[in-house]
Amino acid sequence: MDEEEIDAIIPLELIDWTVSAYVRDAAQLGHPKIIYNIGHFNFEEIGMKDMLRYLPELVGQIPVHYVRSGDAFEFLV
């Protein structure tokens, strides 16, 4: 982030803990760095819904249905 002069990142999921530690430290030092961490938020559901086009052909006579799982977390605003 520092070398490329990046002020903000928007990851789908943050798996490298050093990035969040860097951004926290930078913020405490007054440097304008931020992570818009949108987290998990059911991104897999898009792919699962799309698989309805392919799975019936692969599994033959076995019924295939898409069942929305909903949010795994509750959010307070």
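Q: Is Lys-33 buried or exposed?
A: Lys-33 is buried, with a relative accessible area of 13%. Keep in mind that this is a predicted model.

Q: Why does 13% count as buried?
A: Because buried means under 20% relative accessible area, and Lys-33 has 13%.

Q: Where does Lys-33 lie?
A: In the loop between α1 (17-28) and β2 (34-35).

Q: What does the side chain of Lys-33 reach?
A: The backbone oxygen of Ile-6, at 2.9 Å.

Q: Which residue forms a salt bridge with Lys-33?
A: Asp-7 does. The closest N and O atoms are 3.8 Å apart.

Q: What does that pair tie together?
A: Asp-7 lies in the segment before β1 and Lys-33 in the loop between α1 and β2, so the pair ties together parts that are 26 residues apart in sequence. Asp-7 itself is partly exposed, at 43% relative accessible area.

Q: How many salt bridges does the count come to?
A: Four. Among them is one between Arg-24 and Asp-25, at 3.4 Å from N to O. Another joins Arg-53 and Asp-50, at 2.9 Å.

Q: How accessible are Arg-53 and Asp-50?
A: Arg-53 is exposed, with a relative accessible area of 57%. Asp-50 is partly exposed, at 33%.

Q: And Arg-24 and Asp-25, how accessible are they?
A: Arg-24 counts as partly exposed at 48%. Asp-25 is partly exposed too, at 36%.

Q: Switching topic. What is the secondary structure?
A: Three helices and two strands. Along the sequence the pattern reads β-α-β-α-α.

Q: How much of the protein is buried?
A: Buried residues make up 13% of the 77 residues.

Q: Now the surface. Which residues gather in a patch of negative charge?
A: Asp-2, Glu-3, Glu-4 and Glu-5. Glu-5 sits in the segment before β1 (8-9). Glu-5 is exposed, with 68% relative accessible area.

Q: What about the phi of Glu-5?
A: Glu-5 has a positive phi of about 55°, although it is not a glycine. Most residues other than glycine have a negative phi.

Q: Which residues form a nonpolar patch?
A: Met-51, Tyr-54, Leu-58, Val-59 and Ile-62. Together they have about 470 Å² of accessible area.

Q: Where is Val-59 found?
A: In helix α3, residues 55-59. Val-59 is partly exposed, at 33% relative accessible area.

Methods:
Residues numbered from 1 in each chain as written. Predicted model: local features only at pLDDT ≥ 70, side-chain atom pairs only at ≥ 80, totals over all residues. Heavy atoms only, no water. Patch = residues over 30% accessible without salt bridge, like charges linked within 9 Å, V, L, I, M, F, W, Y side chains within 5 Å. Areas by Shrake-Rupley, 256 points an atom, 1.4 Å probe, with all protein chains shown as cover. Salt bridge = Lys/Arg side-chain N within 4 Å of Asp/Glu carboxyl O. Lys, Arg positive; Asp, Glu negative; His and termini not counted. Charge placed at Lys NZ, Arg CZ, Asp CG, Glu CD. Helix = DSSP H or I, 4+ residues; strand = E, 2+ residues; numbered from the N terminus. Buried < 20%, exposed > 50% of the residue type's maximum accessible area, 1.4 Å probe, protein only. Polar contact = N/O pair within 3.5 Å; in protein donor to acceptor, adjacent residues only side chain to side chain.
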